[in-house]
Structures are given as C-alpha cells and as structure tokens.
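Hi,

Here is the structure I promised to pass on. Please have it open while you read, and my notes on what turned up in it follow below.

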Amino acid sequence: MTTTLAGGRAARRQTMRRIRPRRSPAVPLLLAVWAGAAGVLWLWWSNTPAIADQAGKVLNAGRITGLLAGYLMALVVLQMARVPALERRVGSDRVARWHAMSGRYTICLVLAHIFLTMWGYALQAGKTLGDIVQQTIDSIDQLPDMGKAAIGTGLLVLIGLVSVGGVRKRLPYDTWYHIHLMTYAAVFLTFWHQITTGNDFAVEPTAKTVWYVLYGTVTALVIWYRVITPVRLNLRHRMRVEAVIEEAPGIVSVLISGRKLHRMGAEAGHFFRWRFLAPGMRFSSHPYSLSAAPRPSTLRITVKANGDHSAALRELTPGTRVWAEGPYGAMTASRRSRGKVLLVAGGVGITPMRALFETLPGAAGDITLLYRANSTQDLALWDELAKIADERGARLMYAVNSPDGERPDISAESLRRKIPDIDSHDVFMCGPNGFAQSVYEALRGAGVPARRIHHESFEM
Amino acid sequence: MKKSHPIRRVVLATAATVSGVVLLLSLKPATDPAGAAAAPPQQAGASAQGGAAAAGSGTVTGSAVQTQYGAVQVRLTVSNGKVTQAEAVQAPKGGRSDQITADAVPKLNQAAVTAQSADIDAVSGGGLRAQAQPGRRGGRQRRHRRGVRRDLHERRLQGVPAVRAGPGEGGRGRCRIRFRGRGYGHGCHRWCRPDAVRDRPADSVPKLNQAAVAAGNADIDAVSGATYTSAGYKQSLQSALDQAGG
C-alpha cells in the first residue's frame, strides 16, 4: 500500500521524513565473533601454565586450532540456520558468502588440528613425524569418541571437496545440496570428542557448560528456523499455484494464491525459497524474488528458464501445492537513505526491481528504472512497468543491444548524462554478475558512494 | 560490491593464523612458574560417610569416591598398625574401564601396601594422556580433612599427583616422580606404565623406577585413562586410612 503524492518540495520533504535507513548489523556481529574467538583462546591460555618442549608446542598448537575449529564450526552452522536477523538485515547472499568462507577456513583448521595433535602425540611417545599415521590409528582406537570424530571428519572433507568450484559446477545442484546437508551429521559426530577428549574441557567445568550452551543454542535455532517456522508458515498460508503466464520468450510468471498472504511479512525486494510439490520438483528448493508487491491473496514470481527447474515451472498445473520458506533478502525499501532512487535491472533481475518500482515511496521524478536486456523482446513485464511509470511520474529507461549486437554504453559518463544528480541517488541493482560488476564500477565512477549501492548477488 | 581477491584472502588468512598461533605458543614459559611455590594441594580425604569400619576383623573400608568412569572404593586389611592388604571393592567397569581397572587396580593395591599411606602415584593406563603438572601433587602429606566434600574436578586436580586431569596429550609412561619427605631411595614408587597399547616388556616398570631414582628428577606424564581411577583410589584409600587411625 503506497501513496504517491504529486510533486513539490513539500511532497519530497514528506518522503524524506519517512526514510530511516537501517544499517546492516554486520559490523557488531563480526565484533561479537572476534570476541568469542578471543574468549576461546583465553580458555586455552588459562589452562596452559607452561609449554615444555617441542612436543608440547606442537600439541598446544593442535589444541588451539582444535578449539578455534570447534567454535567456528558452531558459527558456520548458525549462519545457515536462516535466522531472520541475518537473512533480512545482513542479507542472505552476504551470509551465504560468509558461510562459504568460514566453512573453508574451518575445514582447514580441522585438518591442521588433526595433523598437529597426532604429530604431538607421536613426539611425546618418542617417535617421529613418520609414525603419525600409526599414531592416528591408535588414537582413534583408544580415545573416547574418536571413532565418531574420524567419521565426522571424513564427511567434512568429502563435503569440502564436493564444494570446490570445479566439482560443484559439474554436479546437479540438488545432488550437491543433499551431500552438503550431511554437515549436520558431521558436526554432531565430531562434537563429542571435543568434550571428552579435549584437554581444556576436562579441567574447566565452565568451559564444558559454555560449549554445550553454544552448540545447544545453534541446534535450537536451526530446528526453530529451518524446520518449525516453515511448517507454521505453510500451514497458516496454504499456498497453491493459481496460474502460469508466459511474459516473454523463456520468461514465465507464476501466480501463487493463499490465505492472508499479506501477513507473511513480505515486502517488495524479498525472495522466498520455493518448493513446488509436483512430481520431479518435490525435492528441490529454489529462491525466486517476488515480482509484484504482495497482495492479500496473490504472490507473483517471475522466472527465466535457465535450468531444469526453471524450465519445469512452465509445466506447472494450477492447484499444485507450494511450500515456501521466507521471506528472505535485504534488498528492500528499508535500505534506502535518500529521496531519489535509481533501480538498475539486468535481464531477469527485473523481478525484484519491478516490485520495488511499484512500491517504493516517492514523489514524481524521484524514482528511475534502467532496464538492460539483450533485445526489446527480452524486456519482460514492460507493459506493467510503463503503466507504473505513467501513474507515478517515474522515469523508465531501457538499454538493449543494437541490431548488430553492439552493447549499450553504460558507463560513468553516460549515467551522469542521463541522470545528472546521480551522486545523490540511492541505487538498487540486480542482474547477472558480470553486468552488476560493470555497472558498479560505472556508478562509483559517477560519484555514487559505495554505501548507497545496494546489491544482491548469489555468486560465491 | 568490491572485487573479491580470493588468493589474497587465502594468503592473508593463512599467514594471520600461523603467526597468531606461533605468537601464542611463544608467550608461554617453558616451566610452570607457580609450580615450585605452590603448597601441595590438600588431599581431599573424603568424608567418612559410607565407610564401613569393621574394627574387629581388622578391615576398614574407605568411602566410595565417584570418578568420571565409576566409583572406587578401597578396603584395607590392617594388622598391628600395618596395612597388609588392599583391595578395591568397587572400581570402574564397562568399556575400556574393564581393561584399565584390571591393569591399574592390582598395582594400586600393591602400592598402597608398600607405601603404607595414601602417598601413592597414579597408574598410567590406556591411551589418554595428560600433561604432567609440576607441583600438583596430592597426598604428599596426609591431610585429614574429614567431612570436607569437594567437587569432583577439584579432587581430581588436587588428588592426582602427576596429572593435569583429563585426556589430552601425553607420553609413553612419563610420570612425575614424587619422593617422600625422607629423601631418596625411601621408596620411589612410580607405577607409570608406558603405553598400554603397544607391546612393552613386562619389566619396563621397575626399570623406569630405577632410572627415575637414578636420575632424581624424571619428568613423566601419567596417562589419564587410569588417572581417574587412581585418583579415586587414593581418596578412598585415604579415607580408609583415616578410619583406621593410621
């Protein structure tokens, strides 16, 4: 529900007064994470009065890496617990990138921990580095919970290998995803050896409690936000496919009906993770943005047929049940900090932009949309956009390849020519990565500060 | 949306981690500064409850002490003021504890008779290791602390002679030797065994003892698999001795 007021300074001032940009909590969160890491290291520090010799050094290095790995592992799982504070305020894409980075780092720490600890044991037993394999086997045999930890570590290594770029591209997404879900099992298996074999936990009962609290909290959050919340959402709103419409060659819109959809907390710019309960599509879940403002009885998504799943959407029969999780995403009106907004959309990135174009509060002349596509036929949803632009007094521009395939010039100069006061605009961007990168550089060249460029990209 | 530099990130992260760990390790001293000065922690002579004193027959039973793996309870046979036999009426059972109990308890029993006090040392057992803590020797002097209940962990920390409680790293039969107050050679009993896992000659323990006496200052880590049992044994033994009034 928006009110677009006719022009004038008073109107612009009113728009400005309603804008209260919410800063992303990324920085305080990172500080908290570092503080936690410092606490973990302090745990090691306070339990180690001295380090006698080389064996002691190696073993203590193993202990430090082990403690950090255990701590980070909990955080890695927490990042993917779909906690709304992370998904909607920091941004699902950013959290996913953090998850990937910290996951890789954690696996490296785990491997370092294993190597150092086994080497240290070997040294203490008077053996050399060459006996490390035998030492590992012995330790797995004798120490409590090490068998489980070994299996868990094997799983982690497998998951890490499968997520390497080259391997991941060759696997179908769903296969990769289901292998990746085994991380939960791996974390569960490796947790126990930390408590029973970890030196620092044996001497310090509060450390054990803290560890249980940490992992217990993460488990509770995962269960609540990944299992219970979607169940509640879907039981409450009962979504079904209402219609499938072809907007442009290769681009379809799916209308989804349900009960009280306006109460889901969805805004323009949000996306959901959709699961269509149709044969062949039941086990895959894909994120698609809302392409229109959510209405009490209808949601709309617009999808480009890029892979198996998106192509199969065309064949959906009306009445198919839909399982949705969300809303997620941080590219919403709450990120805006200025009265004037430029929306840049590339290809199928028009989807969230179309929703924002409809709902962003603004006076005439405040909102501008730049739509980049390969040709005029690929400008999906153009009629709607033109109609909205007409009603709101917003500017609508498009950039397509010339008939002989030459790309349009989107650079700092051309942007400044078209939008003279671009440096006082907020910019929302959505599109394929190469496009987004070049537009970002153009915007920065045109004088738009980085904090006013809002972008969502699921590239890892 | 800045350009990402994955190689740069990897190099930075690795360098930062390695240098951080090395820095932390180098900041620790080589020997425990608090070790020598610390007064020997009190042996938690467990309260006399649960002890069934049977004075007539000359046996006295210490209170059952809970360890992480089960209860330990020691019964002593005393005649003419000397302990002639010690046995464990309760010892940890189940899983690895069976093997560790079978290894450790006979040694502890013998140590108790030989030492005539609770001044015995932990027996090393299975694969768990613990770093020896200088100065943390329990039971050096008998401390009569009846009626004082202590937390298990504290007991473990204080009661275990050469072991910083808990698994972790450890060595082949390195235990700290404790000499009783009257100087060398008065019975330095070190029942620390090298790895129970590997084959070891049966006479390695006495050799270790002699070597330790000769060296005068061996630095041996106990193995914590039987450390809990040993600690519990010592406490139960202590309480039995207290009851016997010896």
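Which side chain meets that of A:R82 in a salt bridge? Please keep in mind that this is a predicted model. The partner is A:E325, with a distance of 2.9 Å from N to O. A:R82 sits in the loop between α3 and α4 of chain A, while A:E325 belongs to strand β6 (residues 321-328) of chain A, so this pair ties together parts that are 243 residues apart in sequence. Over all chains, the count comes to 11 salt bridges.

Both ends of that link have something else to look at. Most residues other than glycine have a negative phi, and most peptide bonds are trans. A:R82 is not a glycine, yet its phi is positive, at about 60°. In strand β6 of chain A you will find A:P327, and the peptide bond that joins A:G326 to A:P327 is cis, with an omega of about -10°.

Next, a pair of helices. Two packed helices are described by the angle between their axes and the distance between the axes. For α4(A) and α5(A), the axes come within 9 Å and cross at roughly 100°. The two helices are therefore roughly perpendicular to each other. On the α4(A) side the contact is made by A:F115, A:M118, A:W119, A:Y121 and A:A122, and α5(A) brings A:I132, A:Q135, A:T136 and A:S139. By class, the residues of this contact are six nonpolar and three polar, with no charged ones.

Last, the second largest pocket. It holds about 610 Å³ of space, and 34 residues line it. Which of them gives the largest share of the lining? That is α3(A), with eight residues.

Best wishes

Conventions. Residues numbered from 1 in each chain as written. Chains lettered and ligands numbered in written order. Predicted model: local features only at pLDDT ≥ 70, side-chain atom pairs only at ≥ 80, totals over all residues. Heavy atoms only, no water. 1 Å grid on protein atoms, 1.4 Å probe; cavity = no way out; pocket = protein on both sides within 12 Å on 5 of 7 lines; lining within 4 Å. Points joined across faces, edges and corners; volume = space filled by probe spheres on them. Helix = DSSP H or I, 4+ residues; strand = E, 2+ residues; numbered from the N terminus. Axes fitted to C-alpha atoms, helices over the stretch in contact; angles between N-to-C directions. Parallel < 35°, antiparallel > 145°, perpendicular 65-115°, else oblique. Contact = heavy atoms within 4.5 Å. Nonpolar A, V, L, I, M, F, W, Y, C, P; charged D, E, K, R; others polar. Salt bridge = Lys/Arg side-chain N within 4 Å of Asp/Glu carboxyl O.
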